[in-house]
Amino acid sequence: MGPVPPPPTSPDDLIIAVEQMIRYVRQSARTGGLSTAASSTLARLSREGPQRLTELARAEGVSQPNMTQLVTRLERAGLARRTADASDGRGVLVEVTSTGLEILARRRAERAGALDQLMQDMTVPERQATTTALLALARVIHNRQDTQEEHRT
């Protein structure tokens with residue numbers, strides 16, 4: 001007898017699986033004791049460079065007062081700093097510090113290790129399918145974000 005085909009999946013099944021994976025991988029990142037919002041904000045600053053508080057709040061989907069509080073906490077921890085905007089003397093930019101970059105790199109390594117552990121428990125075909133699916137999702141999300149950016153400008 002051959003392998004038993006998997007049962008049909010619903011969109012709910014897929015969402016639950018994605019949520020479980022994200023939760024598992026996120027919880028594996030312990031370095032720095034950062035909240036999800038703090039980690040996401042630092043990651044954005046490391047990818048996109050210094051940003052104004054208003055831009056950062058909009059990009060992260062939080063209010064400006066909440067972003068101001070978060071940046072203040074990140075500054076106190078030495079993970080981010082505010083600097084003058086060279087293009088506008090009155091403006092302030094938020095940037096990630098070298099300590100913040102180091103914490104991010106360690107957290108990314110912890111998450112990558114957690115995902116690798118999960119994938120080690122898969123069969124080779126499952127590993128290949130998961131890699132293909134995750135890369136395809138990342139590509140589609142990136143393309144949608146680019147399209148949304150084009151519509152905003």
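I began with the helix contact: in H2, Ala-37, Ala-38, Thr-41 and Leu-42 meet Met-67, Leu-70 and Leu-74 of H4; contact means heavy atoms within 4.5 Å. By class, this contact of H2 with H4 holds six nonpolar, one polar and no charged residues. I counted Ala, Val, Leu, Ile, Met, Phe, Trp, Tyr, Cys and Pro as nonpolar, Asp, Glu, Lys and Arg as charged, and the others, Gly among them, as polar.

I noted that this is a predicted model, where local features need pLDDT of at least 70, side-chain atom pairs count only at pLDDT 80 or more, and totals for chains, interfaces and linings use all residues. Residues are numbered from 1 along each chain as its sequence is written, and side-chain values use heavy atoms, with hydrogens and water left out.

I looked up confidence next. The protein averages a pLDDT (the predictor's confidence in each residue, from 0 to 100) of 89, and 93% of the residues score at least 70.

I then checked the packing geometry. H2 and H4 (residues 64-76) pack at about 80°, their axes 11 Å apart; axes are lines fitted to C-alpha atoms, for helices over the stretch in contact, and angles run from 0 to 180 degrees between N-to-C directions. That makes H2 roughly perpendicular to H4, a label for angles of 65 to 115 degrees.

Helices (H or I, at least four residues) and strands (E, at least two) are DSSP runs, numbered from the N terminus. I found mean confidence lowest in strand E3 (residues 88-96), at 86, and highest in H4, at 96.

Key
Parallel < 35°, antiparallel > 145°, perpendicular 65-115°, else oblique.
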